[in-house]
Amino acid sequence: MESSSRTAAETATQPSCWRRAAEAAGASTGTTAVLPRPGERVAVTGCGTSWFMAQSYAALREAAGQGETDAFAASEFPVGRPYDRIVAITRSGTTTEVLDLLRDVRAGNIRDGGVRDRGVRDRGGPATLALTADAKTPVMGAADEVAVLDFADEESVVQTRFATTALAFLRAGLEAHGPLPAGVKTVAEAAVDAELAVVQPLPEAALAAEQWTFLGRGWTYGLAQEAGLKMREAAGAWTEAYPAMEYRHGPIAITGPGRVAWLFGELPRGLADDVDRVGGTLLADSCAAGSLDPMADLVRAQRLAVAIAESKGYDPDRPRNLTRSVILRES
């Protein structure tokens with residue numbers, strides 16, 4: 001049965017959103033001036049879903065050889081560590097921890113990384129770039145530069161298309177500055193894969209499972225983290241996420257009949273045999289010939305979260321205990 005939820009509708013628009021993001025990051029728009037440049041020491045930050053997209057981008061940028069890149073939850077940012085540029089991802093533009101961090105930068109509490117000829121502001125601190133979906137929010141005045149991806153904004157509390165569109169925007173920036181790591185597709189190619197991901201049947205084993213573990217390596221580990229979060233948020237499901245090579249160092253103990261290990265990206269040697277040995281089911285579409293881009297495979301996991309939520313009678317648009325943005329009151 002086709003879902004009538006806003007989350008499902010927004011999930012289905014991701015291919016077009018990614019193409020628009022790639023255009024926005026293109027040199028013809030002038031937007032690449034605010035994106036991280038090769039050689040800069042960069043930190044990427046956000047909360048929740050945005051933090052996981054930050055992890056994916058950071059790993060992908062380093063793998064592309066474009067510079068040292070760290071990712072932190074905004075509340076855990078190491079203020080004593082120097083950076084040339086800080087990228088903050090915030091769909092709402094109102095998240096307290098992100099705004100507090102950007103204010104710390106303005107106050108001079110975070111040092112620059114010394115790459116003075118690469119666009120770092122004269123005030124001495126790192127340059128800041130915010131990615132947001134709402135141009136009428138406080139982040140517009142908190143960051144030096146803002147990329148407004150309002151075409152990917154969402155009505156659902158649960159993030160789907162904004163998160164991946166922000167990552168597509170950053171991926172396209174990497175493409176503009178040099179070759180991607182071997183085996184990583186372009187955003188245009190990922191969008192083609194996403195068109196398939198929004199319509200192909202979901203794996204029966206995933207729909208019938210009682211527990212899901214998401215795995216990734218390198219830049220896809222952030223996607224695995226996000227897939228697990230979507231299942232917890234929308235469906236209240238028992239899900240976990242790990243680096244793929246760490247899975248056998250304990251987490252495999254929970255795997256068995258009726259439980260799924262879903263892999264994004266490269267399949268570690270012997271993992272398929274190990275999952276089979278304990279009676280679990282391994283889903284690894286992104287490893288097969290003609291496989292989906294891992295970001296497109298995340299679209300399938302988003303759809304799974306909606307399907308499981310609705311099978312339980314939950315509203316995937318308005319999960320329990322969650323709001324669009326976490327805004328903390330001052331004590």
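This is a predicted model: local features need pLDDT of at least 70, side-chain atom pairs count only at pLDDT 80 or more; totals for chains, interfaces and linings use all residues.

Q: How many salt bridges does the structure hold?
A: A salt bridge is a side-chain nitrogen of Lys or Arg within 4 Å of a carboxyl oxygen of Asp or Glu. The structure holds 19 of them, and one of these joins the side chains of Glu10 and Arg6 at 3.6 Å, N to O.

Q: Where do Glu10 and Arg6 lie relative to each other?
A: Helices (H or I, at least four residues) and strands (E, at least two) are DSSP runs, numbered from the N terminus. Glu10 belongs to helix H1, which covers residues 6-12, and because Glu10 and Arg6 are 4 residues apart in H1, about one helical turn separates them. Arg6, Glu10 and Glu155 are also linked in a network of salt bridges.

Q: Is Glu10 buried or exposed?
A: Buried means under 20% relative accessible area, exposed over 50%, and partly exposed in between, using a 1.4 Å probe and protein chains only. Glu10 counts as buried because its relative accessibility is 0%, whereas Arg6, at 34%, counts as partly exposed. With contact taken as heavy atoms within 4.5 Å, and leaving aside residues up to four places away in sequence, Glu10 touches Glu154, Glu155, Ser156, Thr160 and Arg161.

Q: Which residue forms a salt bridge with Arg259?
A: The partner is Glu210, and the closest N and O atoms of the pair are 2.9 Å apart. Arg259 lies in strand E8 (residues 259-264) and Glu210 in the loop between helix H8 (204-208) and strand E6 (211-216), so this pair ties together parts that are 49 residues apart in sequence. Arg259 counts as partly exposed at 22% relative accessibility, and Glu210 counts as partly exposed at 45%.

Q: How are two packed helices described?
A: They are described by the angle between their axes and the distance between the axes. Axes are lines fitted to C-alpha atoms, for helices over the stretch in contact, and angles run from 0 to 180 degrees between N-to-C directions. Here helix H6 (residues 161-177) and helix H11 (residues 294-311) pack at about 180°, with axes 11 Å apart. Angles under 35 degrees count as roughly parallel, over 145 as roughly antiparallel, 65 to 115 as roughly perpendicular and the rest as oblique, and H6 and H11 are therefore roughly antiparallel to each other. Thr164, Leu167, Ala168 and Arg171 of H6 make the contact with Met295, Leu298 and Gln302 of H11.

Q: Which strands pair with E8?
A: Two strands pair if DSSP finds at least two bridges between them. E6 pairs with E8 in the parallel sense over 6 bridges, with Ala261 of E8 as the bridge partner of Thr213. Strand E9 (residues 281-283) pairs with E8 in the parallel sense over 3 bridges, and there Leu283 of E9 is the bridge partner of Trp262. Because 5 of the 6 residues of E8 are buried, E8 is largely enclosed by the rest of the structure.

Conventions: Residues are numbered from 1 along each chain as its sequence is written. Side-chain values use heavy atoms; hydrogens and water are left out.
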